[in-house]
Protein chains: 6
Amino acid sequence: MPRVDGRQPDQLRPVRITRNYIKHAEGSVLIEMGDTRVICTASVEEKPPLFLKGEGKGWVTAEYGMLPRATGTRTQREAARGKVGGRTFEIQRLIGRSLRAVVDLTALGERTVWLDCDVIQADGGTRTASITGAFVALVDALNHLKGQGLLSRIPVTDFVAATSVGRLKGGLLLDLCYVEDSSAEVDMNIVMTGSGRFVEVQGTGEEASFTRQEMNMMIDLAAQGINRLIFAQKEALGEIASFIGG
Amino acid sequence: MPRVDGRQPDQLRPVRITRNYIKHAEGSVLIEMGDTRVICTASVEEKPPLFLKGEGKGWVTAEYGMLPRATGTRTQREAARGKVGGRTFEIQRLIGRSLRAVVDLTALGERTVWLDCDVIQADGGTRTASITGAFVALVDALNHLKGQGLLSRIPVTDFVAATSVGRLKGGLLLDLCYVEDSSAEVDMNIVMTGSGRFVEVQGTGEEASFTRQEMNMMIDLAAQGINRLIFAQKEALGEIASFIGG
Amino acid sequence: MPRVDGRQPDQLRPVRITRNYIKHAEGSVLIEMGDTRVICTASVEEKPPLFLKGEGKGWVTAEYGMLPRATGTRTQREAARGKVGGRTFEIQRLIGRSLRAVVDLTALGERTVWLDCDVIQADGGTRTASITGAFVALVDALNHLKGQGLLSRIPVTDFVAATSVGRLKGGLLLDLCYVEDSSAEVDMNIVMTGSGRFVEVQGTGEEASFTRQEMNMMIDLAAQGINRLIFAQKEALGEIASFIGG
Amino acid sequence: MPRVDGRQPDQLRPVRITRNYIKHAEGSVLIEMGDTRVICTASVEEKPPLFLKGEGKGWVTAEYGMLPRATGTRTQREAARGKVGGRTFEIQRLIGRSLRAVVDLTALGERTVWLDCDVIQADGGTRTASITGAFVALVDALNHLKGQGLLSRIPVTDFVAATSVGRLKGGLLLDLCYVEDSSAEVDMNIVMTGSGRFVEVQGTGEEASFTRQEMNMMIDLAAQGINRLIFAQKEALGEIASFIGG
Amino acid sequence: MPRVDGRQPDQLRPVRITRNYIKHAEGSVLIEMGDTRVICTASVEEKPPLFLKGEGKGWVTAEYGMLPRATGTRTQREAARGKVGGRTFEIQRLIGRSLRAVVDLTALGERTVWLDCDVIQADGGTRTASITGAFVALVDALNHLKGQGLLSRIPVTDFVAATSVGRLKGGLLLDLCYVEDSSAEVDMNIVMTGSGRFVEVQGTGEEASFTRQEMNMMIDLAAQGINRLIFAQKEALGEIASFIGG
Amino acid sequence: MPRVDGRQPDQLRPVRITRNYIKHAEGSVLIEMGDTRVICTASVEEKPPLFLKGEGKGWVTAEYGMLPRATGTRTQREAARGKVGGRTFEIQRLIGRSLRAVVDLTALGERTVWLDCDVIQADGGTRTASITGAFVALVDALNHLKGQGLLSRIPVTDFVAATSVGRLKGGLLLDLCYVEDSSAEVDMNIVMTGSGRFVEVQGTGEEASFTRQEMNMMIDLAAQGINRLIFAQKEALGEIASFIGG
């Protein structure tokens, strides 16, 4: 069964990572996964969040948003509705946790890094693209602190990237685009490190369920895709990549 | 390494399911997993949500709350803060998805079942206890509709229950209590059906990651625990259990 | 005219007070007045509210909530609506004032006691049951502070309890259940102390009015009921009761 | 003990009722009780509230506000805080109930009358002044409907007015001004009709309690004051007064 | 073409400024421009806003509101809606900027003056009436500070007042009343000082546009009107007027 | 006095307009004015707003947002704060009015066009860039409707664009960048049509005022700049430009 955009089942969409996309931010990236485009910025605040005050360590947190017309039909702004929706909360918590898993928060010191992931065009996989892009923005921001002498090294222990896999009409597919995602029976988001360890595994049946064998095959698919994404991160970072996890 | 409450690594806490706990609700359960106590009610509304209007099918949705002093120190009410927090959104979406996976929404017809899971005492595992308890409340509410002649059968295709597993100081543990949960490096919530299929797998490293082997072992642990929870659901439901998935 | 549940006009519903209902709270009670069931917890915070900072005295405040399905048809959560309703505000202010009337706030010292009254099943009289139950939870919490050596005595000057009376089809009734309450022409909530003094008298005509004679008779009815409720509080508290108002 | 403004214990402050104060409203009044000044408007909406749709009757509801500098120190606007406070809710519910007690809602027909009571200068007793003034605005609005032929008579069954009484250093006082109110041990608001029946009795101990004898004496004081207020309403309404309760 | 109220095109409505309208406020004014009536109060807070802390200067800020029935049909309260609307924000920012333009914020010292402009009856031109009235309230409040010895002089550098002009069916009109304003093609609000300098010029086409010549003529009209308003301010202030801008 | 970026006082920053920037929207533009970058999308909804229902005409409305790190230091999201700020309201009302001034709303028919202007990088002049860019997105969306046969012509009567001018240390400057804007004494935003008519003139003294001569010179500067912006719009639109205002 051919995919809607002609890809093989185990094929990622073209990925493009553009660094230094926003001049004000300490780190900023435009990540494009096919037609999904997300601006990821990393902003450094020179104090930790309240709950870590005086603990001698820092924090990495994320916020996520979508422009109203990033989607096929216009979505009302969360600012206009006066509240952040459940899906947004879920995604920003996921992004934050994923990146904290590879940051040495003690080495980061008493500061907060805010990762803002704003989808300007959506075509499925916005949360996984956000994680993959935000990692690069985060490294750039930390490298900037190192350049200023505020850090002696980049306190990142490994690469981290994410992709989705799903089951659609019984077949398993890597990196779902929107059309695929919206009719998938099972949807799985995987976050992995450069050394092949899991940070998050979120498999969800949408009015459906899945077997253990299917789960194993989906994880295999995802692992391959994430390896390629981490390769793209390394290419984008150039020589800075060699300072990660050292 | 002995557990804080003396359990074996693969041992569930005592589970108790009390049906018909609230007289007004079509289905209602008090579920106790050790010291975690959750009131689950199922309320039937004789119309579908707006987005399903005229689609000839129904919906199952969930809300989750916690009494302010369900926890060790008092938590501010979400009503007083004026907004529902991200964690609550995440949990109520999980409960809703988990139960929809075993409901035949077309057979349910144009109605909505609201599952309210309110934690009156928390000691870890409140979201998984909510799923396990809400399933029983849902079956009771649907059986009530059948009793009124509004449904010809209980439109539930399988049992569903949930538990948590985690890695703590390197060891893997089933059904974490609060003390264990708060220092676990890895936390996994699993939702499975009576026939052993997955509905949700959510594994999360807290500033940590985990290997594929660990994931497999955690899933094995969870599957055992869920079997025992489904046994408890069947005992609680008595003969009604035989009408599920028939 | 017989009452809907067969009671005499001057008869309370069966009252049951279960102490230590929630393991985390300094004081906690499940109070049942017939089918009305309220969990009352008392939580001690070791600082006064802002407006009393440095005044050398403490504060007692209350919050009130209702589970969505405590009522005959499901009520939307105040957290989901994003605001606390007028009725809730009215009730929590009443509970707080009622208990402060019998607490020596100076002897309490610079701390705050939060009373949370959460209705898990409603059948009329939830605000008066909340006051009656919260009193016991409060005493337990203060006794706990005494046990820790933080207070030299329980700074409570008298017992306090509450009940409702009403006029229904011209007859006067004590302790209205929901069916009675919803068709009463006049509704009165009375809060009294163990020594027979009034703390609150709130009589309200619902599109109706009442004479002075009726008011006097309603107060007589309420006074009898409150005496019996205070007896139930004393029984529940056992020997601790003897330390009140000493 | 002389009062702060030289009044006798049983003496009202000067009352002044100015009708037709706002040109747009169907009924509008400026009521002055000493230095307390409240603008009361009655606005007619030609449909009932949702919960009365199709019931063949109308509704009277009230909202209450205070200008930021109506008080001795500036109070933050509720609009700026983004929510209506508990005290405001309590007051507007009281005003609404008080007026509904003397309106024949069936004769009013399927319409809503909104009473807006806005305090432009506060010196105690704003809620009771609001009730007393809103009554006159309501009668004017209903007379306006009668003048337009939309009502055959003014569907008001009796006069209604309100005042406060309190206990201050043991003495009982009528119509408390702000200085008296803020140090009163007991505060009672009474709403009575022209025929001497009670609509609301709200007696409250502020960290204090009161005896039955005190309550009776306070009610006597209030009743005298309310008679004089109803006299003032009649004078203000002129010949329209004769159409009330006929 | 005669105006709806018989005025000449270049004629202001009658203006009346009543000082000391609210007894609690340091400065307070009732300004009436025809049927538009606004209560303006100036409240002094003895600390600067957060963003000026330690800067050695003060701030002047404004809030604006409208009673629900100030308008022809009842408007819902912003407090009840839970948020301040865009129009209100626009107006209160305009009032604040207009008055800051004539205040020496350094001479004011580390304090905040809050100007509250509350429309009790609206008939067009409420924002310009607010500016004109608030100026007088501000001067009174600052004169009060001077009287207390907290300021050595009134730190106001010039008079400031405002009016509207508009194009209606091609003709240019000064000081639009509501009927004129709501059908004007072009609406311009001008804020000018006593020495004829501009503080704000806001010209807006409502689904229309205007030529440069029209703009010049509208400004000429406005300048005349503002001169007369400043004359009214001087009359109201009496001898205090001579201390402005000295 | 040379400008911070070396421009002449009457020189615009480089302007670049990229059409079809977001694939989902009926019209979409990335506009760059120097380092200010705004995504403008036009979304067509096939129904008018409520207040125009059944009036036989349409509406054009705008919303405005800024990514958190569009600015030099991170700005909190309005969604996270739970409300839209005053500045945002002001800007989105300005954009909407500006575009409605050149749209024939009757010819548009019963539909709504939503213009979303989201600043991804800010360096002053975001509101004027939004207007200039949104115009092109609007034309594209209307041309799209024409292409679908839903409109017989593009119902736009003229071009419209906007720029800012300001007084800085006494000198007058066109198209202020952020550094200039933040220290300008006077700030003026002008919206003009292709035929040289004004749609909006908003001149504001920031704790300052300006003379009539200065205003005239600022308008001259702005008019030149707007001519050049409209030239850029025409270049971007290509042959579609010839269908405007025909």
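1. E:Glu214 sits in helix α6 (residues 212-237) and E:Arg167 in strand β6 (residues 160-168), 47 residues apart. Helices (H or I, at least four residues) and strands (E, at least two) are DSSP runs, numbered from the N terminus.

2. Please keep in mind that this is a predicted model: local features need pLDDT of at least 70, side-chain atom pairs count only at pLDDT 80 or more, and totals for chains, interfaces and linings use all residues. Residues are numbered from 1 along each chain as its sequence is written, chains are lettered from A and ligands numbered from 1 in the order in which they are written, and side-chain values use heavy atoms, leaving out hydrogens and water.

3. Over all chains there are 150 salt bridges. One of them joins A:Asp123 to A:Arg13, at 3.9 Å between the closest N and O atoms. A:Asp123 lies in the loop between β5 and α4 (126-147) of chain A, and A:Arg13 in the segment before β1 (15-19), 110 residues apart. Both residues are buried. They also belong to a network of salt bridges whose members include A:Arg3, A:Asp35 and F:Lys23.

4. The contact between chains A and F is worth a look: 37 residues from chain A and 37 residues from chain F take part (contact means heavy atoms within 4.5 Å). About 2900 Å² is buried between the two chains, 48% of it on carbon and sulfur atoms; this is the accessible area (1.4 Å probe) lost on being put together, summed over both. The two chains share 16 salt bridges. F:Asp35 pairs with A:Lys23 in a salt bridge, with 2.8 Å between the closest N and O atoms. On the chain A side, β5(A) gives the most, with six residues.

5. For aromatic pairs, the count over all chains is 21; ring centres of Phe, Tyr and Trp (its six-membered ring) must lie within 6.5 Å, and planes under 30 degrees apart count as stacked, over 60 as edge-to-face and the rest as tilted. A:Phe89 and B:Phe89 are stacked, 5.8 Å centre to centre with 25° between the planes. Each lies in helix α2 (residues 86-100) of its own chain, so the pair joins two chains. Both A:Phe89 and B:Phe89 are buried.

Technical notes
A salt bridge is a side-chain nitrogen of Lys or Arg within 4 Å of a carboxyl oxygen of Asp or Glu. Buried means under 20% relative accessible area, exposed over 50%, partly exposed in between (1.4 Å probe, protein chains only).
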